[in-house]
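Open the structure in your viewer and keep the selection tool at hand. The stops below follow one another.

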Amino acid sequence: MQFHHHGYVSEEPKRLPASGIDRPDDLPDEMDVLIVGTGPAGMTAAAQLSMFPEVHTRIVERRPSRLEIGQADGIQSRSVETFEAFGFANEIMDEAFHLTEMSFWNPDPDAPENIVRTARPVDDEHGISEFPHLIVNQARVLDYFARYMEHSPSRMTPDYGWEFVGLTVSDGPCGPDDYPVSVELRRTVPGEEHTRTVRARYVVGCDGARSGVRESIGRTLSGKQANHAWGVMDVVADTDFPDIRTKCAIHSKAGSILHIPREGGYLFRMYVDLGEVADDDNHEVRNTPIDVIIAKANEIVHPYHVTVKDVAWHSIYEVGHRLVDGFDDAVVVADDGSAASWDTAPRVFLAGDACHTHSAKAGQGMNVSIQDGFNIGWKLGHVASGLAPEELLRTYHSERYPAASNLIDFDREWSTLMATPPKELEDPHAVEKYYLAAEEFAAGFMTDYDESMITADDRHQGLASGFPVGRRFKSHPAMRRCDANRRHIGHQHSADGRWRIYVFADSPAPGEESMLGVWADWMQNSPESPVRRRTPDGRDDDTLFDIKVIYQQNHHDFELFDAPEVFFPRVGPFHLQNWENVWSALGDDDIFEARGVSRDGAVVVVRPDQYVSAVLPLDDTRALGEYFARVMG
């Protein structure tokens, strides 16, 4: 990471200099963005918006303080990539449990009353990410996002003890001085109970499956209702089950268990199949005692035993798969779920469980919610700060609705397989086969955004086939020229709200006449360059765009300052050059070869939430200028 460019730093370097508008300690009457709920979606959106210090964002939560016991615990590789952008991937990996393989247990053909291990596939057989699959308490994830917010230039912290009551949206403009969304809040702190109304330009409802924000804007969840119950418990226990520290899918004559080892070495979680729920149950199954769940678990793992010593947390949930009909208050949705039109510019958005509900067994809820928050966070930051037109906000529904729909379909198949008795499965290995086939989707890497104002067409995809337009930027190692440090280039992408432009040089050596040199001169000097057109006066050269060059030559074959000036932006009050934007391909692991990048060069544009927006030729600067003119207005 970089610091000292604002002056010598001897304390926490991740604590950035405070800047932006003044923020009162108490919840104000007016704000640009109000986020309701401090779950994964809300905290991710708030953390991203905290990097826009000129945008007044507040996040409210009805609880009196931080979450202590989180229900979600599975962290997919895509989320760990996201944590890297927010600066805490290494810390959370140190404390998390790492899933490296999964065991599948089924009835013993010779003694069906017993279970036997039938498969042990590795967790990421194909190396789809350099990041691991983790298990860690949701509360810790939220703590790290809270720290990022607190260390940001805006010094944002949650406003605890405020419960959402309702909202209304007025017609009219939504300029910097207009606050069309009126929100009624109730103070929940004992002795301070009262209601008040605040006004906002935009509201993001991250308030869970029973979302009051969703109800206030007339959106509904639809889909299959719950008909199967599972008991979930976090426990410490004595046991002779040999895979107690391995993730397991267990099928037996008595039912099914999804077993998840937890961080810390002793704790584990079991999702225990409680069977079908009668239509007239009226949620009575939710009163199932913990002793019944423990007894059922022991029936399923026979001939092994689990003697529970302490229960940290337990609950009952009924599996249902439901999807909201719109991710904002203005979209008019066609019968197939696509966005047909918008009546007005959207003002209120939904994210996380307010949009999609499903089982917990696929480890998707927190992960997909994080991507919801990341998506809406940077878009609101750009629009509310005047960097982009309001039209950008319409892409939130268009992108996240299909992603949530695919999640529902995946989870329905997976949870149905987990709940199907072994004798009813046509293939006794159906569960493990499905798990392996769906690995890339489950890890969070199959999201593919369609062409839109921020996602270009794929006509030039052949120039960089390993960076598919609409998919997340898949990192690869390269050599940083200034200090000869081998690093994953994508890991330099911090969640600071900036666009990334990766410029893959053509074959001439640095300093020689090349298409790259022409491109760099245009980006540095042309009035059509997005850097020249969009960078605010008096701000750092790289305020909006982080531009890196990757040369084909070995880093010893050229000098650092052979690279063009545009790759040395001046930053900070001392107007210092940033020397870390010049990179070189590795001879033993060439990024050009690994990611299918043309030796004639290519420009890969990556948006603030790490998704590839465009692949363009080096010699088509007009297309790059037109792209950002469309995106930024």
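Start at the hairpin of E15 and E16. Six residues lie between its strands, and Gly-264 among the residues of this hairpin has a positive phi near 100°. Element labels here are DSSP runs numbered from the N terminus: helices are H or I with at least four residues, strands are E with at least two.

Some ground rules. This is a predicted model, in which local features need pLDDT of at least 70 and side-chain atom pairs count only at pLDDT 80 or more, while totals for chains, interfaces and linings use all residues. Residues are numbered from 1 along each chain as its sequence is written, and side-chain values use heavy atoms, with hydrogens and water left out.

Next, select strand E16, residues 268–276. Seven of its nine residues are buried, so E16 is largely enclosed by the rest of the structure. Buried means under 20% relative accessible area, with exposed over 50% and partly exposed in between (1.4 Å probe, protein chains only).

E15 and E16 run antiparallel, joined by five bridges. Strands count as paired if DSSP finds at least two bridges between them. Pick Leu-258: its bridge partner in E16 is Tyr-271.

E13 pairs with E16 in the antiparallel sense over eight bridges. Val-232 stands opposite Tyr-271 in E16. Trp-230 stands opposite Asp-273 in E16.

Zoom out to the sheet. It is open, has seven strands with mixed pairing, and runs in the order E6-E5-E14-E15-E16-E13-E17. Strands E6 (111–119) and E17 (306–318) are the edges, each pairing on one side only. From one strand to the next, the twist averages 20°.

Select helix H9, residues 430–437. H9 packs on the sheet, touching E5 (102–108), E6 and E14 (247–252). Contact means heavy atoms within 4.5 Å. The direction of H9 makes about 165° with that of E5. Axes are lines fitted to C-alpha atoms, for helices over the stretch in contact, and angles run from 0 to 180 degrees between N-to-C directions.

Last stop: helices H2 (residues 77–85) and H7 (residues 365–384). How do their axes meet? They come within 9 Å and cross at roughly 40°. H2 and H7 are therefore oblique to each other (under 35 degrees counts as roughly parallel, over 145 as roughly antiparallel, 65 to 115 as roughly perpendicular, the rest as oblique). Show the side chains of the contact: Arg-78, Ser-79, Thr-82 and Phe-83 of H2, with Asn-367, Ile-370, Gln-371 and Phe-374 of H7.
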